[in-house]
Amino acid sequence: MSKLLVYPYEEELSVFCRFPQLVQGYDSVLPISPKGLGLVGQDAAKCDGGPPTGQIVSSDLESALLQCEGIFINYAPQSALKAESYWKALDLALKNDKPVTITESLRAFLEEKGYMAFPDSVKVTGYSVEDTLATVPEKLYEIPVPIITVLGVGDKSNKFDLQLGLADFFKKAGYNVSLLGTKEYTSLFGFMPLPQFLFEGGCQKEKILQFNHFVYKLSMETHPDIIIVGCPGAIMPNNPFKFDDYGELAFVIGNALNADISVLSLYAMSYNNQALEHLHSLCKYRHNANVKRLNLACKRMVMDQATLNYRYVTLNQEFIKKEIIPPIPAGEMELYVGLSEGEMDRLGASIEAELLQNI
């Protein structure tokens with residue numbers, strides 16, 4: 001079997017253990033984590049709250065390099081790893097003649113810290129870089145392909161899991177799927193990441209036009225049966241004490257495309273009718289997303305009273321299904337726990353049925 005070593009393994013990389021069948025060129029994944037992250041010796045599911053994966057996290061990088069055929073190194077700023085740790089992993093992989101892929105954000109971080117002598121053999125993956133036109137026709141094209149958008153109330157809301165899960169469902173069903181993913185490393189799963197210009201400076205109008213033309217060109221050149229688009233970040237401000245993410249990219253994507261179906265991922269909390277109606281109206285009238293399907297992520301967001309910042313608590317998917325979902329007054333909206341076994345198939349089947357009904 002061909003194995004990909006992923007480092008440093010933490011919740012950001014749990015998708016590799018959830019969807020190893022999608023990782024291009026490899027059959028399985030080896031999750032390697034520094035001891036300080038508290039995951040060593042645990043099932044890889046410990047950090048995301050989903051069912052067990054059967055993959056046990058190790059900290060023995062050198063031994064793992066002897067078992068793998070390639071290594072992917074991600075930048076994990078919340079892990080507080082120093083540049084030396086990343087560079088040591090990269091250097092060990094090269095000395096063992098292993099193909100190395102790193103993210104663009106890790107390359108930038110290492111260069112900032114003075115590590116600039118990257119061998120040509122190191123592959124860097126990042127958001128799609130496309131030539132943008134100096135003058136863009138002020139016209140939004142109609143995309144001749146069904147579009148699914150995946151939104152979330154904030155970070156760590158399992159949006160990328162949903163994107164990959166839906167892409168996997170429709171691929172297995174025989175559809176030609178295009179996915180514009182929210183992660184720099186989307187290409188490692190065989191799909192295209194979102195274009196870089198979305199994350200750069202510029203007015204919203206220009207980005208809306210550019211992204212519409214980008215997706216239209218993609219549909220004309222690749223002829224997909226369905227396009228799945230992830231919306232990075234939040235749909236609204238979450239912290240009343242600090243101005244942070246206010247849903248700019250969800251607004252840009254929603255106004256660039258007329259989504260046929262939208263899925264909103266929420267934190268695992270109690271919601272009443274008023275809250276659900278507010279979220280539905282916000283998505284519909286600000287982000288052009290008529291949300292009928294809600295996913296509960298295996299995360300709860302709580303405020304740190306000392307710093308007034310939010311932190312995230314991981315909840316087990318079984319607890320969410322038994323204790324959190326039953327009291328939620330969903331009404332006509334469908335509720336899912338995407339990380340639970342069988343839920344992505346249930347979500348995909350529901351979306352497929354609606355799309356077929358609308359043909």
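**Entry 1. Ground rules**

I number residues from 1 along each chain as its sequence is written, and side-chain values use heavy atoms, with hydrogens and water left out. Because the model is predicted, local features need pLDDT of at least 70 and side-chain atom pairs count only at pLDDT 80 or more, while totals for chains, interfaces and linings use all residues.

**Entry 2. The seven-stranded sheet**

I looked up the strand order first. Helices (H or I, at least four residues) and strands (E, at least two) are DSSP runs numbered from the N terminus, and two strands pair if DSSP finds at least two bridges between them. Seven strands make an open sheet with parallel pairing, in the order β8-β7-β9-β6-β10-β11-β14. Its edges are β8 (192-193) and β14 (334-336), each of which pairs on one side only.

Strands β6 (residues 147-152) and β10 (residues 261-266) run parallel and are joined by five bridges. I148 has I261 as its bridge partner in β10.

Angles run from 0 to 180 degrees between N-to-C directions, with axes fitted as lines to C-alpha atoms, for helices over the stretch in contact. Helix α8 (residues 273-286) packs on the sheet and touches β10 and β11 (291-296), its direction making about 135° with that of β10. Helix α10 (residues 343-357) lies across β6, β9 (226-230), β10, β11 and β14, and runs at about 150° to β14.

**Entry 3. The five-stranded sheet**

I found a further open sheet, of five strands in the order β2-β1-β3-β4-β5, with parallel pairing. β2 and β5 (123-125) stand at its edges with a single partner strand each, so one side of each has no neighbour in the sheet. From one strand to the next, the twist averages 25°.

Strands β3 (residues 70-73) and β4 (residues 100-103) pair in the parallel sense over three bridges. I71 has V100 as its bridge partner in β4. Helix α3 (residues 83-95) lies across β1 (3-7), β3 and β4, at about 165° to β3. Helix α4 (residues 104-112) lies across β3, β4 and β5, at about 85° to β4.

**Entry 4. Pockets**

I searched for open space on a 1 Å grid over the protein atoms alone: a pocket is an open set of points with protein on both sides within 12 Å along at least five of seven lines, a cavity is a set where a 1.4 Å probe fits but cannot get out, and lining residues have an atom within 4 Å of a point. Grid points are joined across faces, edges and corners, and a volume is the space filled by probe spheres set on the points.

The largest pocket has a volume of about 1,300 Å³. It is lined by 45 residues, of which E12, Q78, D155, K156 and K183 are the closest to its centre. I sorted linings by class, counting Ala, Val, Leu, Ile, Met, Phe, Trp, Tyr, Cys and Pro as nonpolar, Asp, Glu, Lys and Arg as charged, and the others, Gly among them, as polar. The lining of the largest pocket has 18 nonpolar, twelve polar and 15 charged residues.

The second largest pocket holds about 500 Å³ of space. Of its 26 lining residues, R18, F19, Q21, L339 and M344 are the closest to its centre. Helix α5 gives the largest share of this lining, six residues.

**Entry 5. A salt bridge at R18**

I returned to R18 to look for a charged partner. A salt bridge here is a side-chain nitrogen of Lys or Arg within 4 Å of a carboxyl oxygen of Asp or Glu, and the whole structure has 15 of them. R18 forms one with D48, the closest N and O atoms being 2.9 Å apart. The pair links distant parts of the chain, 30 residues apart: R18 is in helix α1, and D48 is in the loop between β2 and α2 (61-67).

**Entry 6. Cavities**

I counted two cavities of 30 Å³ or more. The largest cavity has about 50 Å³ of space, and α7 gives the largest share of its lining, three residues. That lining has seven nonpolar, five polar and no charged residues.

The second largest cavity has about 30 Å³ of space. It is lined by L264, L276, L279, H280, V291, L294 and M333, with α8 giving the most, three residues. Six of the lining residues are nonpolar, one is polar and none is charged.

Note on methods
Contact = heavy atoms within 4.5 Å.
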